[in-house]
Amino acid sequence: QVQLVESGGGLVQAGGSLRLSCAASGRTFSRCTMGWFRQAAGKEREFVAGVSWSGGSTRYADSVKGRFTISRNNAMKTVYLQMNSLKPEDTAVYYCAVSASAVVATTPLNYDSWGPGTQVTVSS
């Protein structure tokens, strides 16, 4: 099993940047797929970005392509989400999750463990 804790959320103005971190523990970390999801008030949880265990394959939601970058450092057991050019519609609770799948999945059902989430609020 893997335990996850997100950090780095906060309040930022539109056009600004934030860097989220996900600290992980567990022996399966080096060969698991990691993903970031978000859930805005009154909306379903949605996929944001994912990265394979090697870091060689990434996938992004269309709404964040070109603005967000996911990366991982397996030696440090940490996953990051660099968020640039933030928009008010990016406001949500952001969750880090882990999947045993070899490919980057885009639905929450494919992920086994979740962090408690971190709030990101973008003001206009």
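How many helices and strands does the secondary structure of the protein come to?

## Model and fold

The protein has zero helices and 11 strands, where helices (H or I, at least four residues) and strands (E, at least two) are DSSP runs numbered from the N terminus. This is a predicted model, in which local features need pLDDT of at least 70 and side-chain atom pairs count only at pLDDT 80 or more, while totals for chains, interfaces and linings use all residues. Residues are numbered from 1 along each chain as its sequence is written, and side-chain values use heavy atoms, with hydrogens and water left out.

## Overall dimensions

With 124 residues, a compact globule would have a radius of gyration near 14 Å, and the 13 Å of the protein agrees with this; the radius is taken over C-alpha atoms, and the globule rule is 2.2 Å times the number of residues to the power 0.38. Along its principal axes, the C-alpha trace spans about 40 × 25 × 25 Å.

## Burial and cores

Buried residues (under 20% relative accessible area, 1.4 Å probe, protein chains only) make up 43% of the 124 residues. A nonpolar core is a set of buried Ala, Val, Leu, Ile, Met, Phe, Trp, Tyr and Cys residues joined through side-chain atoms within 4.5 Å. The largest such core holds 28 residues, of which Trp36, Leu81, Met83 and Tyr94 touch the most other members. Among the elements giving two or more residues to this core are strand 4 (33–39), strand 8 (78–83) and strand 9 (92–99). A second, separate core of six residues includes Phe37, Phe47, Ala97 and Val104.

Key:
Buried means under 20% relative accessible area, exposed over 50%, partly exposed in between (1.4 Å probe, protein chains only).
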